[in-house]
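Here is a walk through a two-chain model, from the contact between the chains to a few sites within them. Keep the structure open as you read.

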Amino acid sequence: MRPFDSGHEDLIHDVAYDFYGRFVATCSSDQHIKVFKLDKETTKWELSDSWKAHNSSIVSIDWASPEYGRIIASASYDKTVKIWEENPDQEENSGRRWNKLCTLNDSNGSLYSVKFAPSHLGLRLACIGNDGILRIYDALEPSDLRSWTLTTEIKTLQTPPANNLQSDFCLSWCPSRFSTEKLAVCVLDQALIYQRGKDNKFQIIGKLLGHKGLVRSISWAPSIGRWYQLIATGCKDGKVRIYKLTERLANGESASESSNNMLDDFAQDKESLEPSLEIELLSEHDDHKSEVWSVSWNLTGTILSSAGEDGKVRLWKSTYSNEFKCMSVINAQQ
Amino acid sequence: MINQDSTMDQDSNGLLMDVDNMDFLDGLDNGSVNTKNENSDDSLDESLSINGSEEELYQRDSITGELVMNLTKKYDLPLKKGDNGKLKFKLSNLGAYNLAYVTGKENEKLYPVSIPNMDNNKQYYKYITKSFQIYQELGEHRSYDIPTIGVINSTYQKEHIASVNLAMEAIFSELEYFLNEIKDEKISIDRYMNLEDSMIILQCLKAIHFTLDTPDEEKKRENFIIGLIEWVNRSDGEPNSDYISRVFSTDNLEKPVFQTNLFWTLLNQLLLRGLFEQAIGCIEKSRILAILKDICQVSYNALSDLIALLNRYPVDSDESFREWKAMVLELSQTFSNSETNVSGELRDYIEDTLLLVSGDRFKILNYSKTWYESFCGFILYYIPTLELADEYLKLSVERNAIDITSNWEECCASIIKGNIYSIFPVLESLDNCTATFTAAICEAKGLLGNLYANEDEDIDLMSQHEDDNVLSDLLSQKNGIAYYMIYNFAFELCSYDNKDLWPVAIGLITFVPVVNSSTKRMTISELLQHYPYQTNDDIEWLLSVCAQWKLPYVIKSLFTKLGNSMMYEGKTIEAITNFSRASRFDLVKQYSWTLFEASIITGKPLEDEVLTAIVQGNENTLGETGIVTQDILNSLVTNAMKQTLSPYAVLFRFYKEVEEQNWSIALELLIELITFKHLPDHYLVLLITKFLYPIFLQDNSKLISESKVIDIIEAIELKWDSNNEKSQNSFDVVLEADKTLEKTLGDSLDDALREIRSKLNYKLCQEFM
């Protein structure tokens, strides 16, 4: 496949695939969102629509699960998150195919990241920005996607970072249906694991230690076929880190063993489970020798990608001997 | 015997291996194999031709030593040489469609990247499916479970070995067929060579471990010898045609070719590789026999006898080999003890060849250029047994070291040593499908002991508590390498943009015996949610797997997604049906009310045949529509829908009565709706302002009984909320549709309520009067 011009008129900040990987949404400093769809015949990405979505740079974008329709959330330096729904009655490339459902404007600072929760948690999203407050919103009424309620606000920083200092914020939800609701939140050089407790409130249950600079990217791996969780981070200190999280119940049983019984009705015993978390730094790689800008996992959490300031993409794969090894290097530098 | 022309003419071509039959070489020489992957039509080689040298193309990463692949053509790469940049990359759920981009000035391009080694060739999909079928058909023989104590069922053992050996043979044939199919296609040369290397490894594995123990197979020794020779000769294609031509180009009357060292080296190399016909052709083409016949009868006889012996090299049994070898030894001995009329040098050459064929270890080693040539020579001429394989290998590699830069040499040496384990990382890097099914069959054969099974519990790699969870982790080391690879491959298949591979993936997960079914069930349930269904057949398949594994969550998720898709396509009833099947009764209710609202706003029944058929609920009516049959209707209407659509059904009847001017029945139906306890508040406003007021309240000739007025008043008292935003919106919609109403009802809900109350009062008075 050939490279293609996105049509954006300024920096591209984020790209996000829909659930099946057939559509990709991009956002940019040009304040526009673009949606491309994959043409299976030509294997090319074709522009489906483009529209001005915010009044400042759009830095993060995400798709909701198809169980809730075709919905996109975007976060911008204009301090708002906007939620968009596709209207198939409108022509493609008309600029009107995506209707704004809602604007969430509670943030006091530029927003950096927005992510929908996995579908089993309902239509829910989390966002974080320069004010250091993690906000979680829910569409409590599935019949009314225009109505979103701010259900959680967590102050992750004592004081927001000074404007003249470089900062970064990012987050990633635990995608597993068989684990208690969790999300990883990166605030400057800290990576925190939050979990919803019995009281329905989020608490920090662990930290991903070792970062010596701003955490630029975090990605929670799908844990298909595994009883433990993996989280990767990309850091300004030049390292890709992979953490292994093991949940254990008070009785010594692993959380996943209990979850075997939860296949039929996941919710039934969720409240009674209060697993503790063991966090282990599985591996640390400084191959980029420079700032690591992004990390992402594949569908099954078996391949990790990292991209760095060195102009290289590295693909990491877990081996039989339980190590992550660089399986491929892709060069972007002439 | 492979690679031999049936007729050995005097042409030098007769001395060559039959390259025409070596299909794997086709296309490489003539350049028909493009160095591009099918789905990366402008990849590296193009950039090579435009931009630079082979060195640039095959640059290695300075950190890992891995080959570096360029994102696109070199001149089109986003970062200038020496420049750093904010490069980002996102892996897609579809392995072939990942994107890289640079958050940098003046670069708004997106760079699609496929996961390296992902082959999206249709022939590859077929190869995967065929290999899976072979594995599937192994049935109970997929696991190695042969008892070694207690009552041993020898028939089962024989069956097991025969089945597994046959499966390996079949996998090998499928790989051969696949290579043959793609040789003319536009595929990457790297990919092709990787598959070719896989083939060499498989050929060695098959010959060494899957041939000689086949029970009741008369030709097993023959198959072994042929397999061995095929392996050695497939590996490097030596001696190549140029070399043979060069040897014979020295032939002249003054110094015939047979007096040169090159000739005898070539002859011996052919013999070591088991290329008997080519070796005989070589002797014949050299004209040595004709010349010796006149000058040295002893040498002539020796060579003639050698040709005769080579022509009937025994492959059928050990016994016949012993007889044959005795004759070769006798020939060699006789020649050594005889006087000859040829020069010392030529005599030595002849003697060396005879010694080599009689299994002389030193001659075999001396004339071998590679370790696998001497290994083959030992098997062919020393003692043809694998019991001495270790010894042969040791001697061979001492003389000619293994080329560690080759993908296959070390693997083949490991296979010979019985260290099958170590080949899989290499094989996996060459082709995951071949590696996985090979590992699975090796596991079935019992060739793979579990590396971690017998180690102490405190292995560094595994934390203590993992033992508790071994059965619930698909990718645990304790499951063994074969099952680890099977799961990895199954996962990989789900990243291909091909739904036909999903049954293979699910099948592979199902087959593995070492993981408990709960874990499999959890895994399958997670994976299936990503199944890219398109047709009804796909959905049927998905539902059948869900039923088999009892996965209600996936079914609910599927029907919810289907419901949303239908909604986007404007098929509301089908959408509601799917939401109902997903037990998303909130959505069933919501969209049923949406239909109700849409109908009120338009003031007439919705133009939807299915919906009309449902609310009429009458077979005769169904027949009239000509489209919606009772069966379709039954499949569409769930019990939940019958309930949620009932308000619309009443509304539908209301329209009918209004049309027929049966005002009292129409009023009754309307009041039924107005007083319906589950009616959302804002719909009360809609019903009253849209129908009750203009049709019944404004018209003084239409009387309303006292009890009905009271019912209406009670409903208004209960649900009319002038501050309700939705109610106001509904009222605005009514006013928008009928501008005249604003004059009487006003534009606020309070005004409207006053007017309605006044009219109701009037109706009461009318009734009283």
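**Where the chains meet**

Chain A and chain B bury about 9,000 Å² between them, and carbon and sulfur atoms give 57% of that area. Buried area here is the accessible area (1.4 Å probe) that two parts lose on being put together, summed over both. In chain A, the residues that lose the most area to chain B are Leu299(A), Tyr320(A) and Gln334(A), together 11% of what that side buries.

This is a predicted model: local features need pLDDT of at least 70, side-chain atom pairs count only at pLDDT 80 or more, and totals for chains, interfaces and linings use all residues. Residues are numbered from 1 along each chain as its sequence is written, chains are lettered from A and ligands numbered from 1 in the order in which they are written, and side-chain values use heavy atoms, with hydrogens and water left out.

The contact (heavy atoms within 4.5 Å) takes 95 residues from chain A and 102 residues from chain B. Between the chains there are 6 salt bridges. A salt bridge puts a side-chain nitrogen of Lys or Arg within 4 Å of a carboxyl oxygen of Asp or Glu. Arg177(A) and Glu526(B) form a salt bridge through their side chains, 3.5 Å from N to O.

The two chains also pair strands. Helices (H or I, at least four residues) and strands (E, at least two) are DSSP runs, numbered from the N terminus. Two strands pair if DSSP finds at least two bridges between them. Strand β1 of chain A (residues 4–5) runs antiparallel to strand β4 of chain B (residues 109–113), over 2 bridges. There, Phe4(A) stands opposite Leu110(B).

**Strands within chain A**

Now stay in chain A. Strand β3 (residues 23–28) pairs with strand β4 (residues 32–39) in the antiparallel sense, over 5 bridges. Val24(A) faces Phe36(A) of β4(A) as its opposite residue. The hairpin has 3 residues between the strands, and Gln31(A) takes a positive phi near 70°.

β4(A) also pairs with strand β5 (residues 44–52), again antiparallel, over 8 bridges. Here Leu38(A) stands opposite Trp45(A). This hairpin has 4 residues between its strands, and Thr43(A) has a positive phi near 50°. In a regular strand, side chains alternate between the two faces of the sheet.

**Buried sites in chain B**

Which helix of chain B is largely enclosed by the rest of the structure? Helix α17 (residues 409–417) is, because 7 of its 9 residues are buried. Buried means under 20% relative accessible area, exposed over 50%, and partly exposed in between (1.4 Å probe, protein chains only). Among the buried residues are Cys411(B), Cys412(B) and Ile415(B). The buried residues of α17(B) pack against α5, α6, α15, α16 and α18 of chain B. Gly418(B) follows the helix, with a positive phi near 85°.

Thr340(B) sits in the loop between α12 (318–337) and α13 (344–357) of chain B. Thr340(B) is buried, at 15% relative accessible area. Its contacts, leaving aside neighbours within four places in sequence, are Cys296(B), Val298(B), Ser299(B), Phe335(B) and Arg347(B).

His682(B) belongs to helix α34 (residues 681–697) of chain B. His682(B) is buried too, with a relative accessible area of 13%. Beyond its neighbours within four places in sequence, His682(B) touches Glu597(B), Lys726(B), Ser727(B) and Ser730(B). Its C-alpha atom is 8.5 Å from that of Phe731(B), 49 residues apart along the chain.
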